[in-house]
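Please open the structure in your viewer and follow the selections below in order.

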Amino acid sequence: MNSEHDGIDNERRTLLKTIAAGAAVGGVATAGARPVAAQATTLSDYFSNTENASEVTDMTGQSEVTVEVGTDGNGSAFGFGPAVVRVDPGTTVVWEWTGKGGQHNVVADDGSFESEYHSSSGDTFEHAFESAGVTKYYCAPHEMMGMKGAVVVGDAQVSLGGGSGSTAAPGGESGGGNDSGGDGAGGGASVDPDYGDWFANVSNFDGTVDRTGEEEVRIEVGAQGNDGAFAFSPAAVHVDPGATVVWEWTGDGGGHNVYSDDPAFESPTQSEAGATYALEFDGEGVCQYACAPHEAAGMKGAVVVGEPGAAGGGGGIVDIETVLWGLAGTIVAAPFVASQIVANRRRDDEDRPGGRPGNPAD
């Protein structure tokens, strides 16, 4: 018996047939269409301050590949080697520590994995990459220094900038170098003044690291060097006028401070990991500084501001506009000129029995 509902069902069947036919035609059209090339993942900004990420190393065809943690780069042993690798889906990447550069870890930018902190040679961490794509990662303590890497899985295309653009599918050439000289955020030495004998006993000094183009530059206090955790790293940096230099304590090597006679400033002596002290430098010149308790051991550094000239030497005049310092990673702005801060601290030290500039503030 026919009914109103039968009419509705017939209409539905007709509609479903029409949709199915359209889908079939669409499927044929799609099958015959030319594949659209996948868009390259741009990594140029991510690696803007990473000096050893200029190419993609092809490691396809291997079920397990090794990346070193703590290779030479970015001013010290702050590199992954190779920094950017291409692997097949299903490949296990093993990160192996060299034992250099202090404590490092491996952290995925997307949160998919994170290793423990290690500092001993031969320590390892591994992760299997099952799907095609690009995973960026970094070392948390040294990310600001440029210690970053990436794993390219399968035929994913990436652009490292500075040249022709993207990498080809597995085995292809990389898309040009990461030219550190272009924006000044690499690791080269754009200026290297005559420091005299300032760095004569500094084991981790290897030229001036270019940090121009960066508004904030971080330097480790208590990095490995000079027969212990008695180093600033990088030991010497080149910054733009107006840049803020932040010294961050590693917690190793006991109590350290940061002081300079010209221009005059002095931080508290601190030993807590994450403690910070920072200055905003302006003008042009060379500031040579040291850790008072360990200066004789070679714990010295330098900040080159602007373009003082190759023969600038130490003791160049650098104006300091702002002092920032804090504990446990917190940076607190203090709107005073550095000389005022130092004068206040020295008056406090004079009032404290047995005190001397650089002891921890109460």
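**Aromatic rings and a strand pair**

Begin by selecting Phe-80, Trp-95, Phe-113, Phe-125, Phe-129 and Tyr-137, which ring pairs link into a cluster. Rings of Phe, Tyr and Trp (its six-membered ring) pair if their centres lie within 6.5 Å; planes under 30 degrees apart count as stacked, over 60 as edge-to-face and the rest as tilted. This is a predicted model, in which local features need pLDDT of at least 70 and side-chain atom pairs count only at pLDDT 80 or more, while totals for chains, interfaces and linings use all residues. Residues are numbered from 1 along each chain as its sequence is written, and side-chain values use heavy atoms, with hydrogens and water left out.

A search of the whole structure finds 18 aromatic pairs. Select next Phe-199 and Phe-205, a stacked pair with 4.0 Å centre to centre and 0° between the planes. Phe-199 counts as buried at 8% relative accessibility, whereas Phe-205, at 24%, counts as partly exposed; buried means under 20% relative accessible area, exposed over 50%, and partly exposed in between (1.4 Å probe, protein chains only).

Proceed to Trp-247 and Phe-281, whose ring centres are 6.4 Å apart with planes at 65°, so the pair is edge-to-face. Trp-247 lies in strand β16 and Phe-281 in strand β19, 34 residues apart in the chain; strands (E, at least two residues) are DSSP runs, numbered from the N terminus. Trp-247 is buried at 0% relative accessibility, and Phe-281 is also buried, at 0%.

Finally, display strand β19 (residues 276-282): 5 of its 7 residues are buried, so the strand is largely enclosed by the rest of the structure.

Key. Helices (H or I, at least four residues) and strands (E, at least two) are DSSP runs, numbered from the N terminus.
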